[in-house]
Amino acid sequence: MVHGENPTGFAHQFETLEQQHDAGRLGMWIFLATEILFFGGMFMSYTVYRSLHPQAFLLGSHILEVKFGAINTAVLICSSFTMAMSIRSAQTGKKKGTIIGWLILTMLLGATFLFLKFRFEWYHDYLEHTMPGFGFFYRPEWGTHAPQVQMFMCFYFFMTGLHALHMIVGIGVLLVLTWMASRGRFTSQYFAPLEISGLYWHFVDIVWIFLFPLLYLIRY
Amino acid sequence: MASHSQDPAHGHQQVEEHIVPVSTYLSIFVALLIATALTTWIAFQDLGNWNVVVALTIAVCKATLVVLFFMHVKYNKGLTRVVLIGALFWLGIMITFTLSDELTRHWEIYPQAWTGMIVPVMRHLLF
């Protein structure tokens with residue numbers, strides 16, 4: 001094949017652009033499989049300790065504010081929608097401005113999530129001495145459950161912290177995609193980077209879909 | 001899998017991905033928001049042990065919607081599904097085997113901390 005006839009983004013080691021696309025997607029799914037087991041380990045430890053100390057997890061969950069958890073869930077769902085729309089706008093051959101618009105919207109929603117989490121939740125926990133580290137104190141209302149309530153807060157910080165780290169990485173990936181889109185790299189034929197990054201973004205959304213009820217919604 | 005067709009007249013390749021209609025994305029988006037509101041509301045109703053069951057059921061339904069439509073698994077068959085099912089299968093092994101051990105043990109809870117176990121255990125062993 002003459003070089004000039006190659007579609008944009010086509011790597012020479014593949015037979016066809018479709019094969020390249022499928023290989024990329026398969027690679028991302030295998031990475032997500034490792035991520036499922038990575039987060040799965042935390043969810044499993046959570047299950048074990050919650051079954052051992054249900055009362056402490058109930059007390060711990062009351063430290064968290066449901067409204068922030070619910071708002072952030074909605075923010076992430078919106079960002080998944082805008083991410084899906086950015087891929088769709090590339091697939092349907094829209095102008096690069098449309099793709100960039102959806103990508104920037106996705107990044108803004110991701111940043112909103114992180115802002116709410118850092119500013120109103122973690123910082124508040126830090127001031128209230130419920131953040132693991134120095135000045136991580138028992139509260140009298142926890143009674144004999146105090147050590148296990150602290151363990152709940154450790155679960156909360158490590159699980160949401162790992163999730164927030166994934167969000168930060170995701171925003172970095174989106175920045176690269178925006179740069180690629182601004183250079184007109186995506187066409188209705190070549191949008192694989194958008195699609196596989198979208199898979200990652202949606203995966204991070206799914207992790208939060210499970211974290212929200214497990215951490216915030218223990219009311220009874 | 002994306003269907004692939006060679007155009008013999010022009011000799012260049014054409015990738016035909018399934019393009020999901022905007023209306024589908026919008027319905028999934030609205031369904032996810034409704035499910036979030038629902039799970040938040042149900043959490044404040046006292047269902048006893050069923051609270052956690054209901055919460056997880058709703059979470060699994062939401063995750064399924066995201067996987068099928070936003071992550072295009074409904075339209076991608078073959079290897080994608082093998083990897084996804086494989087990952088969930090291994091997750092199932094990890095959780096079931098750990099819990100089958102954990103939940104069938106007799107646990108003694110020492111609220112003081114682990115150091116509180118030393119004296120009773122030593123007394124049990126020595127006398």
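The contact between the two chains takes 44 residues from chain A and 46 residues from chain B, where two residues are in contact if their C-beta atoms, placed from the backbone, lie within 7 Å. This is a predicted model, in which local features need pLDDT of at least 70, side-chain atom pairs count only at pLDDT 80 or more, and totals for chains, interfaces and linings use all residues. Residues are numbered from 1 along each chain as its sequence is written, while chains are lettered from A and ligands numbered from 1 in the order in which they are written.

**The side of chain A that touches chain B**

- Helices α1 (17-52), α3 (66-91) and α6 (192-216) of chain A each supply at least two residues of this side; helices (H or I, at least four residues) and strands (E, at least two) are DSSP runs, numbered from the N terminus.
- The largest share, 17 residues, comes from α1(A).
- By class, this side of chain A has 25 nonpolar, twelve polar and seven charged residues; Ala, Val, Leu, Ile, Met, Phe, Trp, Tyr, Cys and Pro count as nonpolar, Asp, Glu, Lys and Arg as charged, and the others, Gly among them, as polar.

**Chain A**

- Chain A has six helices and zero strands, and its C-alpha trace spans about 75 × 30 × 30 Å along the principal axes.
- Of the 220 residues of chain A, 43% count as buried; a residue is buried if 20 or more other C-beta atoms lie within 10 Å of its own, exposed if 12 or fewer, and partly exposed in between, with C-beta atoms placed from the backbone.
- Among contacts in chain A between residues at least 6 apart in sequence, 80% join residues at least 24 apart.
- Helix α6(A) is mostly covered, with 24 of its 25 residues buried.
- The end C-alpha atoms of α6(A) are 36 Å apart, which agrees with the 36 Å that its 25 residues should span at 1.5 Å a residue; the expected span is 1.5 Å times one less than the number of residues.

**The largest nonpolar core**

- This core holds 70 residues, of which A:Val207, A:Leu211 and A:Leu215 touch the most other members; a nonpolar core is a set of buried Ala, Val, Leu, Ile, Met, Phe, Trp, Tyr and Cys residues joined through C-beta atoms within 7 Å.
- Two or more residues each come from α1, α2 (54-61), α3, α4 (96-127), α5 (146-182) and α6 of chain A, together with α1 and α2 of chain B.
- Helix α6(A) gives the largest share of this core, 18 residues.
- Leaving aside its neighbours within four places in sequence, A:Leu215 is in contact with A:Ser61, A:Leu64, A:Tyr156 and A:Met159.

**Chain B**

- Chain B has four helices and two strands, which follow the pattern β-β-α-α-α-α along the sequence.
- Buried residues make up 17% of the 127 residues in chain B.
- Among contacts in chain B between residues at least 6 apart in sequence, 37% join residues at least 24 apart.
- Helices α1 (residues 22-43) and α2 (residues 50-70) of chain B pack at an angle of about 170°, with their axes 10 Å apart; axes are lines fitted to C-alpha atoms, for helices over the stretch in contact, and angles run from 0 to 180 degrees between N-to-C directions.
- α1(B) and α2(B) are therefore roughly antiparallel to each other, a term for angles over 145 degrees.
- The residues of this contact between α1(B) and α2(B) divide into 14 nonpolar, three polar and one charged.
- B:Asn76 lies in the loop between α2 and α3 (79-102) of chain B, and counts as buried because it has 20 C-beta neighbours inside 10 Å.

Note on methods
Angles under 35 degrees count as roughly parallel, over 145 as roughly antiparallel, 65 to 115 as roughly perpendicular and the rest as oblique.
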